[in-house]
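The exercises below are worked through one step at a time. Try each task on the displayed model before reading its solution.

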Amino acid sequence: MSALTRRELLAKSLLSGAGLFVAFHVPRKAGAVPEPAAKQLPDPNAFVRVAPDDSVTVLLAHSEMGQGIWTGLAMLIAEELECDWSKIRVEHAPAAPVYAHPAFGMQMTGGSTTTWSEFDRYRTAGAMARDMLVRAAAAQWKTDPKRLHTEKGYVVRGKQRLSYGQLAVAAQALTPPKKVQLKDRKDWKILGKPMRRLDSPEKITGKAQFGIDVRLPDLRTALVARSPVFGGKVKSFDAGKARQVKGVEQVVQVPTGVAVVATNFWSAKLGRDALQIDWDLGPGASLDTTRLLEDYRAQARTKGPVAAERGDADAALAAAARRVVAEYDVPYLAHATMEPMNCTVRLAAGRCEIWTGTQFQTMDQASAARITGLAPESVFIHTQFLGGGFGRRATPSSDFVSEAVHVAKAAGVPVKVVWTREDDMRGGYYRPLFLHRIEAGLDAKGRLSAWRHGIVGQSILTGTPFEPFMVKNGIDATSIEGVTESPYLEGVPARRVTLHSPRNPVPVLWWRSVGNTHTAFAMESMLDELAWAAEQDPLEFRAALLAEKPRHLRALKTAAQMAGFGKPAPAGRARGMAVHESFGSIVAQVAEVSVDEDKEIRVHRVSCAVDCGTAINPLGIEAQMQGAIAYGLSAALHGAVTLKDGRVEQSNFHDYRVLRMPEMPQVEVQVLESEAKMGGIGEPGAAPISAAVANAVYALTRQRLRSLPLRLA
Amino acid sequence: MQLNVNGTAREVDVQEDMPLLWVLRDVLGLPGTKFGCGMAQCGACTVHLEGEAVRSCVLPVSAVGNRMVTTIEGLSPDGSHPVQQAWAERDVVQCGYCQPGQIMQAAALLAHHPNPTDGEIDLAMAGNICRCGTYQRIREAVHRAAAQKRAEK
């Protein structure tokens with residue numbers, strides 16, 4: 001069977017939904033598969049379908065992993081289409097070039113970019129569909145389209161109304177408009193309003209289908225025994241006992257280990273437990289995170305590639321009236337999505353079909369094509385709801401997808417590879433361990449005069465397809481984001497930031513807010529140390545440095561005011577603050593903490609102000625701030641993946657603790673709109689919280705905690 | 001062996017040590033109950049056994065006997081249980097993966113404590129992890145569901 005064209009592929013995807021769907025169809029020259037171009041209007045077919053039953057289906061070019069785009073992108077369409085909100089359905093789009101990210105050129109979800117990058121494309125698709133429906137009505141009524149208006153899924157002329165469903169077939173035959181006028185912001189009816197999620201009904205009834213829930217005829221479940229040490233390989237194995245387990249059908253070797261294929265998960269697990277494997281562990285077996293951190297400390301004192309420099313930082317430090325030196329470190333972290341990694345693959349008749357929750361469709365499609373020898377168009381990805389992503393489901397190596405394709409290929413049956421929690425926790429792709437060494441100088445008036453900053457940590461991007469454009473002169477942009485462009489450093493006359501990117505076999509990856517997970521901790525902790533050293537109020541010290549940054553200043557002052565910063569905290573509590581810009585948005589947080597008799601840090605309240613430019617769904621923004629704070633607090637208070645003799649020491653939620661309900665602070669969120677370019681929302685809330693908490697702990701105890709997770713002596 | 005799931009008698013032919021979770025998911029075709037940890041640490045697999053919240057990932061199917069099992073699919077026919085309604089009204093879900101377990105846990109809590117305090121909610125829900133961090137809205141939704149249930153009486 002030959003590779004399908006994009007048009008056929010889209011048509012297939014339509015058929016796979018409700019059988020009677022009639023979609024708009026834009027005639028296209030045979031064989032033309034245009035790449036999306038910024039100036040070209042989108043193909044409305046690809047993003048919205050109006051059916052004779054009045055339903056409006058929005059196709060998501062990105063993946064819903066909790067961040068709320070299932071609702072947010074539908075809002076963009078609905079605003080311009082003027083359809084009935086209750087008739088909207090949403091589907092994940094298939095993997096196809098038309099769904100490439102407008103900014104990145106590949107189909108993916110990440111970097112807190114979905115809403116701002118799709119703001120024009122989805123609104124335009126909605127406006128084009130509306131235009132075609134209005135013209136269809138005008139033709140039927142033999143009138144000028146300009147005399148018609150639309151409301152809630154109807155085209156209206158006086159007392160006459162035609163529903164979008166009644167017009168869908170006629171509209172389908174029309175040529176799409178060459179240009180459309182998008183609504184002025186003051187005319188918005190949906191955008192900017194708090195809208196509840198469209199995926200709630202299926203998610204509260206257990207009907208929502210995640211990758212792990214996929215069922216197919218003759219589908220088998222496989223578990224893979226992987227090397228206990230990163231980079232290890234199978235030397236030999238004995239599957240005799242595994243094959244005797246009831247339900248086990250096959251044991252096959254794949255590049256990552258040995259897969260046990262069974263009729264169900266439990267049999268596959270018992271079979272895997274019974275495997276005997278001799279591993280060639282390789283150099284990874286000597287990895288030890290305690291020693292790694294010591295190495296990093298030593299490296300931070302040596303000169304590394306320069307990421308940013310201005311003036312003579314060495315001379316300025318020597319001349320400073322006062323010097324403050326501090327080292328901050330953060331451990332490896334697992335994403336620990338609630339849904340463990342999994343991927344279902346069916347290879348048949350020249351097609352590779354994949355069902356999974358992924359953030360990286362284009363990469364996964366290319367990886368599967370390479371492994372199967374098929375063309376990418378013959379790889380069909382059915383994106384399912386993601387039971388959490390946080391970056392883990394965006395691997396440039398397509399790790400969990402590639403492995404499942406290998407298993408399906410070796411086993412010759414449709415197979416769902418499921419990772420146990422232990423597999424997931426020990427499977428790598430961690431937020432890298434990082435160390436920051438900062439030496440800062442204050443002049444005689446307590447002003448910041450010098451900044452020398454050494455960063456040490458593995459590069460996420462080196463060795464991936466992103467390296468050519470995101471690693472420049474040995475500097476991985478994700479290792480330094482939040483430091484080199486820090487607004488605090490702009491006015492510092494002499495500064496130098498250097499970066500060491502040591503290599504080791506531990507796979508590392510972006511983790512909700514990426515480099516900002518550690519740079520915000522280091523920068524905002526150091527700023528706090530300097531404020532105390534200069535004997536200045538932490539808010540005023542920051543405000544002086546942010547005098548030219550009105551958005552930062554407004555966010556910080558708003559959060560401070562919400563928290564009552566400067567007023568006495570309740571007995572036994574203290575407050576700390578942090579403000580950080582990431583993904584185009586600015587988030588300020590004030591944490592109110594206490595310490596209990598077991599020296600456990602309790603975070604009671606977090607006041608959070610966020611400036612993301614234009615706010616599309618305030619209800620969703622509030623949820624993302626609350627959620628990102630909880631995610632960041634897991635790292636601030638508990639999270640650490642450690643290695644000894646190359647083995648990951650943690651395995652499940654009992655020894656890799658995450659935030660639980662009793663630890664959730666009361667989070668108050670204020671959304672500050674501004675005229676600035678729209679920023680991201682999924683990640684920026686996670687960045688400042690660990691520093692805000694550490695700064696509050698210092699205010700309370702006068703103990704400066706410079707390692708995450710925060711532990712009082 | 002025979003199981004009573006969501007009010008229906010089901011015959012299953014499985015290993016005795018297979019956890020109830022995998023019988024529900026892989027054998028009976030009820031995937032609403034989720035796998036999260038396999039060791040009763042996260043609560044994603046929470047179901048009701050005679051109305052009590054239990055972790056199905058560590059419950060051998062042979063230990064269930066003829067006790068009534070209720071899963072998220074059987075909590076209400078249409079999402080109309082007061083806890084589900086409150087979840088929708090308060091816009092709790094994010095990725096949604098843990099929410100069947102959260103909802104089953106909350107429903108069991110309210111069956112015993114019609115008017116729980118924040119502290120009682122925190123305690124009852126402490127075994128249910130949500131990585132998206134929906135805890136604050138869960139707390140609010142449990143209060144809302146409790147008020148709704150009281151109003152219905």
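Two strands count as paired if DSSP finds at least two bridges between them. Helices (H or I, at least four residues) and strands (E, at least two) are DSSP runs, numbered from the N terminus. The model is predicted: local features need pLDDT of at least 70, side-chain atom pairs count only at pLDDT 80 or more, and totals for chains, interfaces and linings use all residues. Residues are numbered from 1 along each chain as its sequence is written, while chains are lettered from A and ligands numbered from 1 in the order in which they are written.

**Exercise 1. Describe the hairpin of S18(A) and S19(A), and find the residue in it that takes a positive phi.**

Solution. Step 1: strand S18 (residues 434–442) of chain A runs antiparallel to S19(A), and nine bridges join the two. Within this pair, A:Glu439 is opposite A:Arg452.

Step 1: five residues separate the strands of the hairpin, where A:Gly446 has a positive phi near 80 degrees.

Step 2: turn to the other pairing of strand S19 (residues 448–457). S19(A) pairs with strand S22 (residues 494–500) of chain A in the parallel sense, over seven bridges. Here A:Ile455 is opposite A:Leu499.

Step 3: check burial. A residue is buried if 20 or more other C-beta atoms lie within 10 Å of its own, exposed if 12 or fewer, and partly exposed in between, with C-beta atoms placed from the backbone. By this count ten of the ten residues of S19(A) are buried.

**Exercise 2. Determine which strands pair with S7(A) and in which sense.**

Solution. Step 1: three bridges link S7(A) in the parallel sense to strand S17 (residues 415–418) of chain A. A:Arg220 is placed opposite A:Val415 there.

Step 1: strand S10 (residues 257–262) of chain A runs antiparallel to S7(A), with six bridges between them. A:Thr221 is placed opposite A:Ala262.

Step 2: look at the two faces of S7(A). A:Arg220, A:Ala222, A:Val224 and A:Arg226 are buried on one side, and A:Thr221, A:Leu223 and A:Ala225 are buried on the other.

**Exercise 3. Work out the strand order of the open sheet of three strands in chain A.**

Solution. Step 1: the order is S1-S2-S3, and the pairing is mixed. Strand S1 (48–50) and strand S3 (88–92) of chain A are at the edges; each has a single partner strand, so one side of each lacks a neighbour in the sheet.

Step 1: neighbouring strands of this sheet are turned by 20 degrees against each other on average, direction ignored. Axes are lines fitted to C-alpha atoms, for helices over the stretch in contact, and angles run from 0 to 180 degrees between N-to-C directions.

Step 2: strand S2 (residues 56–60) of chain A is parallel to S3(A), with five bridges, and A:Val58 is opposite A:Val90.

Step 3: Helix H3 (residues 69–81) of chain A lies across S1, S2 and S3 of chain A, at about 130 degrees to S2(A).

**Exercise 4. Identify which element supplies the largest share of the side of chain A that touches chain B.**

Solution. Step 1: two residues are in contact if their C-beta atoms, placed from the backbone, lie within 7 Å. On this basis 48 residues of chain A meet 44 residues of chain B.

Step 1: helix H6 (200–204), helix H8 (265–273), helix H20 (618–637) and strand S28 (666–671) of chain A each supply at least two residues of that side. The largest share, seven residues, is from H20(A).

Step 2: by class, the side of chain A has 24 nonpolar, 14 polar and ten charged residues. Ala, Val, Leu, Ile, Met, Phe, Trp, Tyr, Cys and Pro count as nonpolar, Asp, Glu, Lys and Arg as charged, and the others, Gly among them, as polar.
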